[in-house]
Amino acid sequence: MNNLNANYERILEVLRKIADEKLLPYQRRSPRMSDLEVVGLCLTSEYMGIDSESHLFRMLPGGLASKIERSVYNRRRRRLMPYLDKIRESLARHFNEFEDYFVIDSMPLEVCKLSRSSRSKVCKEDDYAFPDKGYCASQGLYFYGYKLHAVCSVGGVFQSFDLSPASVHDINYLDDIKAQLSGCVLLGDKGYLSAEVQLNLFENHQIELSTPMRKNQRNHKEQPFVFKKSRKRIETLFSQLCDQFMIRRNYAKSFEGFKTRILSKITALTVIQYINKFIFNRNINNIKISII
């Protein structure tokens, strides 16, 4: 599990099965390290919990270190974000193509402590991406940064995700879901409770939104136990992202760098799930495990 070169070769083997090696249009000459190899190195570092690029390049074997400089790696990694997202979507299709049940939830992502928010310059290069102050009801705390909104299958594979400023209510993410899902059941918590939204999703997109009802609601009914149990799947995924992939640790200074880090961690998680199922035929959610 600690052999960087062997892990890199395994992840690169998977990427070559589902993606092509062609270079993106911005490159005028052929670099020593292809785009797919840059993505493979990025995902390997996330899998091994190396979220500092300086530390990563101190660990690189000579064969890899001679192919690319750290500053070039950083720039190419950010430019390759759309390519990386296509790889993640391709991986997710192998799991979720015939899924009818999905789970939706959100989690807070701090960019700095609330006491430093007034003087922080992190992620403030573009007006549309400014972080702000929000409240997390499940943890009972205020935070400064963003929310990660995500949809996963009941098997535990991310179907889609997005980032929003912390003050944006969870229910607004359902507007994005309309263009991504149809003909399925979507399980959410009380943050997505809205009769109007439920009706709109069902009538226009054939999405049945199931949320627990409040106890003081008229015609109160308990959500089926199997739905309550399935909703915990996405909470486990969030815990894995926080634990092994350290998604709440932020070294980025720009929003472009921040969202690239988030995408890299989610894609790395999906790659390990793919390796577990299609190479070793084991439980896909055993993330802390050797892939060699």
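Mentor: Helices here are DSSP runs of H or I with at least four residues, strands are DSSP runs of E with at least two, and both are numbered from the N terminus. By that rule, tyrosine 142 falls in strand 3, residues 141-153.

Trainee: Before we go on, what kind of model is this?

Mentor: It is a predicted model, in which local features need pLDDT of at least 70 and side-chain atom pairs count only at pLDDT 80 or more, while totals for chains, interfaces and linings use all residues. Residues are numbered from 1 along each chain as its sequence is written, and side-chain values use heavy atoms, leaving out hydrogens and water.

Trainee: What makes lysine 133 count as lying over the ring of tyrosine 142?

Mentor: A charge sits over a ring if NZ of Lys or CZ of Arg is within 6 Å of the ring centre and within 35 degrees of the ring normal. Lysine 133 lies over the face of tyrosine 142 at 4.9 Å from the ring centre. Lysine 124 is placed over the face of phenylalanine 130 too, at 6.0 Å from that ring's centre.

Trainee: Why is the pair of tyrosine 101 and phenylalanine 227 called tilted?

Mentor: Rings of Phe, Tyr and Trp (its six-membered ring) pair if their centres lie within 6.5 Å; planes under 30 degrees apart are stacked, over 60 edge-to-face, and the rest tilted. The whole structure has 9 aromatic pairs. For tyrosine 101 and phenylalanine 227, the centres are 6.2 Å apart and the planes at 55°, so this pair is tilted.

Trainee: What makes the contact between arginine 77 and glutamate 46 a salt bridge?

Mentor: The rule asks for a side-chain nitrogen of Lys or Arg within 4 Å of a carboxyl oxygen of Asp or Glu. Their side chains meet at 2.9 Å, N to O. Arginine 77 lies in helix 5 (residues 70-79) and glutamate 46 in helix 2, so the bridge ties together parts 31 residues apart in sequence. Arginine 77 is buried at 9%, and glutamate 46 is buried at 2%.

Another of the 14 salt bridges joins lysine 147 and aspartate 170 at 3.1 Å, N to O. Lysine 147 sits in strand 3 and aspartate 170 in the loop between strand 4 (158-165) and helix 7 (174-177), 23 residues apart. Lysine 147 is buried at 10%, as is aspartate 170 at 11%. Salt bridges with shared partners join Glu46, Glu53, Arg77 and Lys265 into one network.

Trainee: How do you know that helix 2 has close to its expected span?

Mentor: The expected span is 1.5 Å times one less than the number of residues. Helix 2 (residues 35-47) has 13 residues and reaches 18 Å from its first C-alpha to its last, close to the 18 Å expected. This helix is mostly covered, with 13 of its 13 residues buried.

Trainee: What makes cysteine 123 worth a look?

Mentor: Most residues other than glycine have a negative phi. Cysteine 123 is not a glycine, yet has a positive phi of about 60°. Cysteine 123 belongs to the loop between strand 1 and strand 2 (132-136), and is buried at 0%.

Conventions
Buried means under 20% relative accessible area, exposed over 50%, partly exposed in between (1.4 Å probe, protein chains only).
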